[in-house]
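Hi,

Here is the structure I said I would pass on.

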Amino acid sequence: MNQEAFPYPVAERALKKWSENNLTEQKEQTSQRHFVFLYQGSLCHSGGIPYSALFHVVAEEAEGAYLIHKAWIEVPDDQRAAASEMCSAKGGGPEKTEAFFRKLLDPADFCGQEIDRFLLEKRSLNFAGCLCSSAHINQKWQMVLSAVRYVLEKDRSM
(Lines give C-alpha, C1' and ligand atoms only; values in the text may rest on other atoms or scores of the structure.)
Protein backbone atom coordinates (compact mmCIF):
# COMPACT_ATOMS: atom_id res chain seq x y z
CA MET A 1 0.00 0.00 0.00
CA ASN A 2 1.22 3.50 -0.68
CA GLN A 3 1.17 6.28 1.92
CA GLU A 4 -1.83 8.08 0.46
CA ALA A 5 -3.99 4.96 0.22
CA PHE A 6 -3.42 3.60 3.74
CA PRO A 7 -6.00 4.86 6.26
CA TYR A 8 -3.63 5.85 9.06
CA PRO A 9 -5.48 6.48 12.34
CA VAL A 10 -3.54 9.74 12.78
CA ALA A 11 -2.79 12.73 10.57
CA GLU A 12 0.21 12.60 8.25
CA ARG A 13 1.53 15.79 9.89
CA ALA A 14 1.81 13.87 13.19
CA LEU A 15 3.45 10.90 11.45
CA LYS A 16 6.06 13.14 9.88
CA LYS A 17 6.78 14.86 13.20
CA TRP A 18 6.98 11.59 15.16
CA SER A 19 9.18 9.92 12.55
CA GLU A 20 11.61 12.84 12.72
CA ASN A 21 11.53 13.63 16.46
CA ASN A 22 10.48 10.50 18.37
CA LEU A 23 11.52 7.51 16.28
CA THR A 24 15.07 6.19 16.04
CA GLU A 25 16.40 3.01 14.55
CA GLN A 26 18.92 0.68 16.14
CA LYS A 27 21.00 -1.10 13.55
CA GLU A 28 20.49 -4.85 13.31
CA GLN A 29 22.71 -7.44 11.62
CA THR A 30 19.67 -8.97 9.93
CA SER A 31 16.92 -7.78 7.61
CA GLN A 32 14.87 -6.96 10.69
CA ARG A 33 14.64 -3.32 11.73
CA HIS A 34 14.57 -2.30 15.38
CA PHE A 35 12.75 0.98 16.01
CA VAL A 36 12.57 2.82 19.32
CA PHE A 37 9.82 5.39 19.83
CA LEU A 38 10.30 7.92 22.63
CA TYR A 39 6.89 8.47 24.17
CA GLN A 40 6.52 11.50 26.43
CA GLY A 41 3.32 11.48 28.43
CA SER A 42 1.90 12.44 31.76
CA LEU A 43 -0.18 10.75 34.41
CA CYS A 44 -3.93 11.24 34.31
CA HIS A 45 -3.90 12.08 38.02
CA SER A 46 -1.37 13.43 40.56
CA GLY A 47 -1.21 16.74 38.73
CA GLY A 48 -0.20 15.22 35.39
CA ILE A 49 3.33 14.17 36.37
CA PRO A 50 5.40 13.86 33.16
CA TYR A 51 7.31 10.69 32.30
CA SER A 52 8.89 9.04 29.26
CA ALA A 53 8.79 5.47 27.99
CA LEU A 54 10.49 3.68 25.11
CA PHE A 55 8.34 1.60 22.78
CA HIS A 56 10.45 -0.99 20.92
CA VAL A 57 9.35 -2.55 17.63
CA VAL A 58 11.35 -5.09 15.65
CA ALA A 59 9.77 -5.40 12.21
CA GLU A 60 10.60 -6.77 8.78
CA GLU A 61 9.15 -6.53 5.33
CA ALA A 62 7.98 -9.95 4.17
CA GLU A 63 6.03 -10.61 0.99
CA GLY A 64 4.94 -6.99 0.69
CA ALA A 65 3.75 -6.68 4.30
CA TYR A 66 5.40 -5.40 7.46
CA LEU A 67 5.60 -8.15 10.07
CA ILE A 68 6.08 -7.36 13.76
CA HIS A 69 8.60 -9.77 15.25
CA LYS A 70 8.95 -8.19 18.69
CA ALA A 71 7.38 -5.28 20.55
CA TRP A 72 7.70 -4.20 24.17
CA ILE A 73 7.63 -1.14 26.41
CA GLU A 74 10.58 -0.03 28.51
CA VAL A 75 10.42 2.59 31.23
CA PRO A 76 14.01 3.82 31.74
CA ASP A 77 15.36 3.84 35.28
CA ASP A 78 15.40 7.64 35.43
CA GLN A 79 11.65 7.71 34.62
CA ARG A 80 10.49 5.04 37.05
CA ALA A 81 9.84 7.34 40.02
CA ALA A 82 7.31 9.35 38.00
CA ALA A 83 5.86 6.32 36.18
CA SER A 84 5.44 4.43 39.46
CA GLU A 85 2.71 6.95 40.33
CA MET A 86 0.40 5.42 37.69
CA CYS A 87 -2.69 3.77 39.21
CA SER A 88 -1.61 0.37 37.86
CA ALA A 89 1.73 0.61 39.65
CA LYS A 90 0.55 2.00 42.99
CA GLY A 91 -1.13 0.63 46.04
CA GLY A 92 0.64 -2.67 46.56
CA GLY A 93 4.10 -1.69 47.58
CA PRO A 94 7.35 -2.12 45.65
CA GLU A 95 6.38 -5.62 44.50
CA LYS A 96 3.33 -4.33 42.63
CA THR A 97 5.32 -1.50 41.08
CA GLU A 98 8.07 -3.86 39.92
CA ALA A 99 5.49 -6.31 38.52
CA PHE A 100 3.93 -3.44 36.55
CA PHE A 101 7.27 -2.55 34.94
CA ARG A 102 8.08 -6.23 34.22
CA LYS A 103 4.71 -6.73 32.53
CA LEU A 104 5.42 -3.81 30.16
CA LEU A 105 8.60 -5.63 29.07
CA ASP A 106 6.57 -8.72 28.05
CA PRO A 107 6.18 -9.15 24.29
CA ALA A 108 3.06 -7.37 23.03
CA ASP A 109 0.15 -9.66 22.17
CA PHE A 110 0.28 -8.64 18.50
CA CYS A 111 3.80 -9.95 17.85
CA GLY A 112 3.75 -12.13 14.75
CA GLN A 113 1.04 -10.01 13.10
CA GLU A 114 1.30 -7.52 10.29
CA ILE A 115 1.43 -3.85 11.25
CA ASP A 116 -1.51 -3.13 8.92
CA ARG A 117 -3.66 -5.71 10.68
CA PHE A 118 -3.04 -4.07 14.04
CA LEU A 119 -3.71 -0.57 12.69
CA LEU A 120 -6.91 -1.54 10.87
CA GLU A 121 -8.37 -3.62 13.70
CA LYS A 122 -10.91 -1.90 15.96
CA ARG A 123 -9.57 -1.68 19.50
CA SER A 124 -10.55 -0.04 22.72
CA LEU A 125 -8.56 3.23 23.03
CA ASN A 126 -7.99 5.70 25.84
CA PHE A 127 -6.08 8.88 25.03
CA ALA A 128 -4.92 9.66 28.58
CA GLY A 129 -1.13 9.76 28.87
CA CYS A 130 -0.62 6.85 31.25
CA LEU A 131 -0.18 3.10 30.70
CA CYS A 132 -2.81 1.95 33.21
CA SER A 133 -4.99 -0.24 31.01
CA SER A 134 -4.94 -2.06 27.69
CA ALA A 135 -6.96 0.81 26.16
CA HIS A 136 -4.27 3.31 27.18
CA ILE A 137 -1.53 1.07 25.83
CA ASN A 138 -3.43 0.30 22.60
CA GLN A 139 -3.61 4.01 21.83
CA LYS A 140 0.15 4.42 22.30
CA TRP A 141 0.88 1.36 20.14
CA GLN A 142 -1.39 2.83 17.47
CA MET A 143 0.80 5.96 17.44
CA VAL A 144 4.05 3.99 17.47
CA LEU A 145 3.12 1.43 14.80
CA SER A 146 1.71 4.17 12.58
CA ALA A 147 5.05 6.00 12.77
CA VAL A 148 7.01 2.79 12.12
CA ARG A 149 4.82 1.91 9.13
CA TYR A 150 5.17 5.47 7.80
CA VAL A 151 8.99 5.19 7.88
CA LEU A 152 9.01 1.69 6.38
CA GLU A 153 6.72 2.78 3.57
CA LYS A 154 8.77 5.93 2.97
CA ASP A 155 11.97 3.86 2.78
CA ARG A 156 10.32 1.37 0.44
CA SER A 157 9.38 4.12 -2.01
CA MET A 158 12.96 5.47 -2.19
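Predicted model: local features only at pLDDT ≥ 70, side-chain atom pairs only at ≥ 80, totals over all residues.

The largest pocket comes out at a volume of about 410 Å³. It is lined by 20 residues, and I73, K103, L104, S134 and I137 are the ones closest to its centre. Which elements give two or more residues to that lining? They are β4 (65-74), α3 (93-105) and α5 (134-156). As for the make-up of the lining, 13 of its residues are nonpolar, four are polar and three are charged.

Helix α1 (residues 12-21) packs on α5 with an angle of about 80° and an axis separation of 9 Å. Angles from 65 to 115 degrees count as roughly perpendicular, so that is the label for α1 relative to α5. On the α1 side, the residues that meet the other helix are E12, L15, K16, W18 and S19, and on the α5 side they are M143, S146, A147, Y150 and V151. Sorted by class, this contact has six nonpolar, two polar and two charged residues.

T97 belongs to helix α3. Its relative accessibility is 17%, so T97 counts as buried, the cut-off being under 20%. Once neighbours within four places in sequence are set aside, T97 is in contact with S84 and A89.

Now over to the strands. A53 is part of strand β3 (residues 50-62). Is A53 buried or exposed? With a relative accessible area of 0%, A53 is buried. If you leave out residues up to four places away in sequence, A53 touches F37, L38, Y39, I73, E74, V75 and P76. Take E74 from that list: A53 and E74 are 21 residues apart along the chain, yet their C-alpha atoms are separated by 5.8 Å.

Last, a backbone detail. E63 lies in the loop between β3 and β4. Most residues other than glycine have a negative phi. E63 has a positive one, near 55°, and is not a glycine. Its relative accessibility is 86%, so E63 counts as exposed.

Cheers

Terms used: Residues numbered from 1 in each chain as written. Heavy atoms only, no water. Helix = DSSP H or I, 4+ residues; strand = E, 2+ residues; numbered from the N terminus. Buried < 20%, exposed > 50% of the residue type's maximum accessible area, 1.4 Å probe, protein only. Contact = heavy atoms within 4.5 Å. 1 Å grid on protein atoms, 1.4 Å probe; cavity = no way out; pocket = protein on both sides within 12 Å on 5 of 7 lines; lining within 4 Å. Points joined across faces, edges and corners; volume = space filled by probe spheres on them. Nonpolar A, V, L, I, M, F, W, Y, C, P; charged D, E, K, R; others polar. Axes fitted to C-alpha atoms, helices over the stretch in contact; angles between N-to-C directions. Parallel < 35°, antiparallel > 145°, perpendicular 65-115°, else oblique.
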